[in-house]
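Welcome, and thanks for taking a look at this model.

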Amino acid sequence: MVEAQKWTRRMSNPRLDTAATADDHVLDIPTTPTSEVRNGIYTFGSLLTPNLLTALIIASWFMSNTGVLLLNKFLLSFYGYRYPIFLTMLHMLSCASYSYIAINFLEIVPKQHILSKKQFFKIFALCAIFCFSVVCGNTSLRYIPVSFNQAIGATTPFFTAIFAFIITCKMESVKVYFALLPVVFGIVLATNSEPLFNLFGFLVCIGSTAARALKSVVQGILLTNEAEKLHSMNFLLYMAPMAALILLPFSLYNEGNVARITLEKAKTDSFIILLLIGNATVAYLVNLTNFLVTKHTSALTLQVLGNAKAALAAFVSVMVFRNPVTMTGVTGFAVTIMGIVLYSEAKKRSKITTY
């Protein structure tokens, strides 16, 4: 924006300026309007302060992350929609569709392309691990409460450290490994005191958490080439349709023709369609808000928010679904979260010492 300036005319004809004062030659230059003012365009973001915009993005992140968990639990456990593989496939189709619109039409991020078959198969391998993780996570919600699901999910760093050591032989500092002890102790405490404990639900949730950790380690190995690295939104654009294709035969084999079953159910209960569309949309918003939080804050902030989200989702689920909890279970969950915070701090200090 150009500020108002005053220019004084010089080198003029003295015969014409004899009676003129200095103020007679001062020219006021008006302030240059912005393009939004000239065109009459005001974006939503331009009406918000940066701090308020960031606060709204973080609030949206909490709502979408907690919302998708509660909706999945409601559908799979209370509504009688017992098709976790098909539900995950709907999430993937939703992510593919919304990502295509966001990148190709809204241009949230520049579009990147898969450059080689080698890069394609790397993404496909990560996609297979991702599918296993999400399907196991959704399946676990049929058998265990959201609060217990989140307590188990909080142990991801423990499995990440194990896989990093097994696959890459990467050793962390003693402080980092020591910080993982409360994580393990807390989940043991929570498991032993869970009133609605289900062995199958517990095992598939452990499988989901381990697969999520494995994906992060493998992704760090496979996508090391700078030319092959994809932005998170572009990565979702290519991975989501691959995931849907992987899940389709498993859904048909294990769950039958769920699309036909759903349409039949919709004839007597049209709310199911609205519920599934809303659930799939929120699943995409989880990925979108992950990107926006990282863009407007940092990856470390996202990690801290993840710890807070686990506690919030557990609390809200208890309030909504009224599943019983014990003080020992709450203590175990709190110890696990404390261990994750200590682990994050130890990792951060370890990196500073290394550099």
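## The fold as a whole

Of the contacts in the protein with a separation of 6 or more, 83% are between residues 24 or more positions apart; contact means heavy atoms within 4.5 Å. The protein has 15 helices and two strands, where helices (H or I, at least four residues) and strands (E, at least two) are DSSP runs, numbered from the N terminus. Buried residues make up 43% of the 355 in the protein, with buried meaning under 20% relative accessible area, exposed over 50%, and partly exposed in between (1.4 Å probe, protein chains only). The accessible surface comes to about 20,000 Å², and 68% of that belongs to carbon and sulfur atoms. Accessible areas come from the Shrake-Rupley method with a 1.4 Å probe, and for residues only the protein chains shown count as cover.

A word on the ground rules: this is a predicted model, in which local features need pLDDT of at least 70 and side-chain atom pairs count only at pLDDT 80 or more, while totals for chains, interfaces and linings use all residues. Residues are numbered from 1 along each chain as its sequence is written, and side-chain values use heavy atoms, with hydrogens and water left out.

## The second largest pocket

How much space lies in the second largest pocket? The answer is about 300 Å³. Of its 19 lining residues, Ser147, Val325, Gly329, Val330 and Phe333 are the closest to the centre. On a 1 Å grid over the protein atoms alone, a pocket is an open set of points where a 1.4 Å probe fits, with protein on both sides within 12 Å along at least five of seven lines; lining residues have an atom within 4 Å of a point. Grid points are joined across faces, edges and corners, and a volume is the space filled by probe spheres set on the points.

Helices H6 (146–153), H14 (299–321) and H15 (327–354) each supply at least two residues of this pocket's lining, and H15 gives the largest share, five residues. By class, the lining has 14 nonpolar, four polar and one charged residues. Here Ala, Val, Leu, Ile, Met, Phe, Trp, Tyr, Cys and Pro count as nonpolar, Asp, Glu, Lys and Arg as charged, and the others, Gly among them, as polar. H6 is mostly covered, with eight of its eight residues buried; among them are Ser147, Phe148 and Ile152.

## Two buried helix residues

Threonine 66 sits in helix H3 (residues 50–78) and counts as buried because its relative accessible area is 7%. Its side chain reaches the backbone oxygen of phenylalanine 62 at 2.9 Å. Not counting residues up to four places away in sequence, threonine 66 touches Lys309, Leu312, Ala313 and Val316.

Methionine 239 belongs to helix H11 (residues 232–255), and its relative accessible area of 4% makes this residue buried. Leaving aside neighbours within four places in sequence, methionine 239 is in contact with Cys127, Phe130 and Lys215. The C-alpha atoms of methionine 239 and phenylalanine 130 are separated by 9.1 Å, although the two are 109 residues apart along the chain.

## Two loop residues with positive phi

Most residues other than glycine have a negative phi. Glutamate 107, in the loop between helix H4 (84–104) and helix H5 (117–140), has a positive phi near 55°. Glutamate 107 is exposed, with a relative accessible area of 60%.

Arginine 322 lies in the loop between H14 and H15, with a positive phi near 60°. Is arginine 322 buried or exposed? Arginine 322 counts as exposed because its relative accessible area is 64%.

Key. Polar contact = N/O pair within 3.5 Å; in protein donor to acceptor, adjacent residues only side chain to side chain.
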